[in-house]
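Open the model in your viewer and keep the selection tool ready. Each stop below names what to pick and what to look for there.

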Amino acid sequence: MLESLQTAARYLKQAEHIVIFSGAGVSAESGIATFRDALTGLWSRFDPQRLATPEAFQADPELVWGWYEWRRAQADRVQPNPGHIAIAELERHVPRVTIVTQNVDNLHERAGSGRVIHLHGSIHDPRCFSCARPMQIPVAETEPPADGQRTPPPRCLNCNGMARPGVVWFGEALPEEAWQAAWQAVEECDVLLSVGTSAAVYPAAQLPHLAIEKGATVIHVNPQPVETRSEREIVLIGPAGKSLPLLLKKAFY
Ligand code: BV8
Ligand code: ZN
């Protein structure tokens, strides 16, 4: 690990433009379960890939809306962790930093990161399922029960349609502008820091491969081993909340 940390720090120090490609793992130490663990209680018997779809919402809006409201309340209750904070601090040392997240929480923003590209939308931007009009829906005052509850989605004032979470469900296209901006940033970067993702979801998971193709160095930060295919990939095994502060210390202090 030490040798890879030193090598990674050297690339970070020389970088002009870094892309941080983050997944659910970067929010794990804040207490937000990763996508696959986000199904407890009421939802534990569901497969997330089946629940995070327009079909599931149309079949049972109260079940799906309840799941997202439980997750939204959880995201509001937790704090950014040292991993998010180290990522925000990078902007003080590297001329150009672009954050491309698969996450639907706003912990990068709350840690102080400037521009954050959300490939899979945001749980904080509900909108009307029918007319797509943004809807301001305060998070429930009362803490949702631990095992979650079915909740009828509020109705749109414009067309009486149901509120839906502002996330990209499986089978839905990624926001065009976000995808283009992410693709361009990855094409131009010197280093792509892939933090806390199993890179199992497409098209987002193409981005680290694009970085390698364009000659960048890819640094993976993950407690689990990551399979690599190029000698320009470095793996730092460990939780983001520990590895990222260490990496910045090595590179800039
Ligand atoms: C699309 C929002 C087309 C919702 C999410 C077959 C092959 C290839 C593709 C497909 C296929 N069948 C279907 C598809 C397409 C599908 C897809 O990729 N499916 C996969 C499962 C095979 N993709 C889509 O449907 C996409 N759309 O293709 O549209 C189209 C085009 C035009 C017109 C119409 C349609 C849309 C995908 C977006 C889905 N929405 N999120 C919600 O959150 O509820 S994805 C969701 O799952 C998360 O956002 C996350 O990105 C993803 C994975 O979740 P997790 O596994 O929890 O997180 P992650 O992968 O990041 O894993 C956690 C990692 O962290 C682990 O590696 C772990 O070791 C690590 N970790 C843990 N602790 C720590 C840590 N790391 C660091 N520190 C720690 N402390
Ligand atoms: Zn509407």
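Which backbone nitrogen lies 3.0 Å from a polar atom of the side chain of Thr101? Select Thr101 and look around its side chain. The nitrogen belongs to Asn103. Bear in mind throughout that this is a predicted model.

**Stop 1: strand β2**

Stay on Thr101. The residue is part of strand β2, which spans residues 96–101. Thr101 counts as buried because its relative accessibility is 0%, and the cut-off for buried is under 20%.

**Stop 2: helix α6**

Move to residues 82–90, which form helix α6. Begin at the N-terminal end. Asn81 caps it. Display a side-chain oxygen of Asn81 and the backbone nitrogen of Gly83: the separation is 2.7 Å.

Now colour the helix by accessibility. Of the 9 residues in α6, 7 are buried, so the helix is mostly covered. To pick out the buried set, select Gly83, His84, Ala86, Ile87, Ala88, Glu89 and Leu90.

**Stop 3: the zinc site**

Select the zinc ion (ligand 2) and its protein donors. These are the SG atoms of Cys128, Cys131, Cys156 and Cys159, at 2.2 to 2.4 Å from the ion. Along the chain, the donors follow the spacing C-x2-C-x24-C-x2-C. Cys131 and Cys159 link distant parts of the chain, 28 residues apart. Both sit in the loop between β4 (121–128) and β5 (163–167).

**Stop 4**

The lining comprises 16 residues. For the ones nearest the centre, select Glu69, Ala140, Pro144, Gln149 and Thr151. By class, the lining has 10 nonpolar, 4 polar and 2 charged residues.

**Stop 5**

Finish with Val64, in helix α5 (residues 61–77). Is Val64 buried or exposed? With 0% relative accessibility, Val64 counts as buried.

Conventions
Residues are numbered from 1 along each chain as its sequence is written. Chains are lettered from A and ligands numbered from 1 in the order in which they are written. This is a predicted model: local features need pLDDT of at least 70, side-chain atom pairs count only at pLDDT 80 or more; totals for chains, interfaces and linings use all residues. Side-chain values use heavy atoms; hydrogens and water are left out. Buried means under 20% relative accessible area, exposed over 50%, partly exposed in between (1.4 Å probe, protein chains only). Helices (H or I, at least four residues) and strands (E, at least two) are DSSP runs, numbered from the N terminus. A polar contact is a pair of N or O atoms within 3.5 Å; within protein, one must be able to donate a hydrogen and the other to accept it, and residues adjacent in sequence count only if both atoms are side-chain atoms. On a 1 Å grid over the protein atoms alone, a cavity is a set of points where a 1.4 Å probe fits but cannot get out, and a pocket is an open set with protein on both sides within 12 Å along at least five of seven lines; lining residues have an atom within 4 Å of a point. Ala, Val, Leu, Ile, Met, Phe, Trp, Tyr, Cys and Pro count as nonpolar, Asp, Glu, Lys and Arg as charged, and the others, Gly among them, as polar. Donors are N, O and S atoms within 2.8 Å of the metal (3.2 Å for Na, K and Ca); water is not among the atoms, so sites may look incomplete.
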